[in-house]
Amino acid sequence: MKSISSKIGVLAVGALFLAGCGAGAPSAQESASGDAAGRGGTLKIGQLGDVASWDPAQAHVGHALVPYQLPYDTLILREPDGELSPMLATEWSYNDDRTVLTVDLRTDVSFSDGEPFDAEAVVANLEHFKSGNGRQAVQLTQFESATAVDEDTVEITLAQPDPAMEYYLSQAAGLMASPAAIEAGTLETDPVGTGPYTYDKANSVRDSQSIFTAKEDYWNPDLQKFDSVELRILEDLSARANAIISGQVDWTTLDARTAGQAEDAGLEIIPDYQVDWTGVTFFDRDGVINPALADVRVRQAMNYAIDRETLLEQLQLGRGSATSQVFGPESGAFVDDLEDYYPYDPEMARELLSEAGYEDGLEITLPVIDGFATQITAVAQQLSDVGITVNQVAAVPANYVADAVQQKFEAFNFNLFQGEAWVAINQIIAPTATYNPFQTTSPELEELIPVVQQGGDDSEAAAQDINRYVTENAWFMPLYRIDQISVYNPDAITVEAQIQSAMPALYNFAPAE
């Protein structure tokens, strides 16, 4: 089986044949034949929140994925630039109709409980992830079955082709846990994987810190760069700023207002890169909770009521790009003329509200957690100027996403991924998408989405048409793309940004030389 290497990039034919070795972290073959890299010290990460469950079936994406990279390996490794390389899988290839992915596995890996990693373990994990219905269950939407051909070969059968399947196997769906631990039902509090570090439960404190120590005889020592890793749970922005400036942590994320303090203290900021867009997602587009949101004119009016440039300057000190679309420039679905599709026009907003029968105003409800309180208040002020009242209701941060997925919110404010078109479609647009809990769809989307899914010459144009549809129909109220502010102490560590991720992958951190 020949491995093929490629960055996912736009959804074109070439992007559908992803596999093999890439640059960045050493490949499995290189690590197995080379000398073990030196490691040392403790990596201290200022984490935004604690892990709700260590069961990989409940893993998420972005910064929320990184903690799982400590005890677990993925089948495929995603490099800092997005290239896909071998990890627990050494090679993989599709059949002609791209519904069967055959994966070859390493044969020298074991879980931290001593159980061997093999094809049966992969089958158990994929089935567990599918049945777990976790926050990223959408990653295995097309998964139909997995079969162990022999000890080191697995066949993954898909109901339909999925151009992001290899990508997903480098993410939550690719995390591998011990089948014994899956069977025992203990993974929620006791992670057992093949990863570079093992969980020190005795010295970890819920919502305070999680401690990991280097796994002895780890199969890929070049990825195991520290003796231990500490996740310091710091939900409060000021606490993160104080911790990085005082040296309590080596890396964390800040915002535009605290970035200057960090720079003045001699800390480094990874050069500006944009990962997420921020703004409001209108979940209830069919008016189940709030009938007003079923009228596209109401959603459009809200978009016209927002002065994005002013909010960007006031809230982000200009660190970002105002936008009316939810697909980024590197996604393959980006459309230049959608960037300012909803210019600030309060008169147009009032006119649309009047046409919709809401000339006397209306109310919407937004859940609020600390990280978005200031932004929601600013948005609420601008909406109030055109007669829309925003009821702000305190939400539980730990349950924010789970409650959204369970149809408890008519809309919510969040930072969302703006990566490859197919991945983003499956996150926020498709009827099965994580952030489309009411499963909104339309005949237009039902026609376009399969074209993107199949890939080929028409996929990029179809992705752009999907972008046009959701923008014109105001499925969202984007404000701006955020310049990600990732801060680290150069005296303690080196770190490289991870493409399309708010936090560098675990493998991108190393001790300072």
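This is a predicted model: local features need pLDDT of at least 70, side-chain atom pairs count only at pLDDT 80 or more; totals for chains, interfaces and linings use all residues.
Let's start in the core. The largest nonpolar core has 147 residues. Leu75, Phe117 and Ile429 have the most contacts inside this core.

What does Ile429 touch, leaving out residues up to four places away in sequence? The list is Phe327, Ala424, Asn436, Thr440, Leu445, Ile466, Val470, Trp475 and Phe476.

Next, the sheet. We have an open sheet of 4 strands. Read across, the order is E14-E18-E13-E17, and the pairing is antiparallel. Which strands sit at the edges? They are E14, residues 320-322, and E17, residues 411-417. Each of these pairs on one side only. From one strand to the next, the twist averages 20°.

A helix packs on this sheet: H10, residues 373-384. H10 touches E13 (273-282), E17 and E18. The direction of H10 makes about 140° with that of E18.

E14 and E18 run antiparallel, and 3 bridges join them. E18 covers residues 476-484. Find Ala322, and opposite it, in E18, stands Tyr480.

On to helix H2, residues 119-132. H2 has 14 residues. From first C-alpha to last, H2 reaches 20 Å, close to the 20 Å expected at 1.5 Å a residue.

How does H2 begin? Asp118 caps its N-terminal end. A side-chain oxygen of Asp118 lies 3.3 Å from the backbone nitrogen of Glu120. And after the helix? Asn133 follows H2, with a positive phi, near 50°.

Which residues of H2 are buried? Ala119, Ala121, Val122, Val123, Asn125, Leu126, His128 and Phe129.

Last stop, Glu166. This residue lies in helix H3, residues 165-168. Is Glu166 buried or exposed? Glu166 counts as buried because its relative accessible area is 1%, and the cut-off for buried is under 20%. For a sense of distance, take Leu317, which is 151 residues from Glu166 along the chain. Their C-alpha atoms are separated by 38 Å.

That's the tour. Back to the structure for questions.

Key:
Residues are numbered from 1 along each chain as its sequence is written. Side-chain values use heavy atoms; hydrogens and water are left out. Helices (H or I, at least four residues) and strands (E, at least two) are DSSP runs, numbered from the N terminus. The expected span of a helix is 1.5 Å times one less than its number of residues. Buried means under 20% relative accessible area, exposed over 50%, partly exposed in between (1.4 Å probe, protein chains only). A polar contact is a pair of N or O atoms within 3.5 Å; within protein, one must be able to donate a hydrogen and the other to accept it, and residues adjacent in sequence count only if both atoms are side-chain atoms. A nonpolar core is a set of buried Ala, Val, Leu, Ile, Met, Phe, Trp, Tyr and Cys residues joined through side-chain atoms within 4.5 Å. Contact means heavy atoms within 4.5 Å. Two strands pair if DSSP finds at least two bridges between them. Axes are lines fitted to C-alpha atoms, for helices over the stretch in contact, and angles run from 0 to 180 degrees between N-to-C directions.
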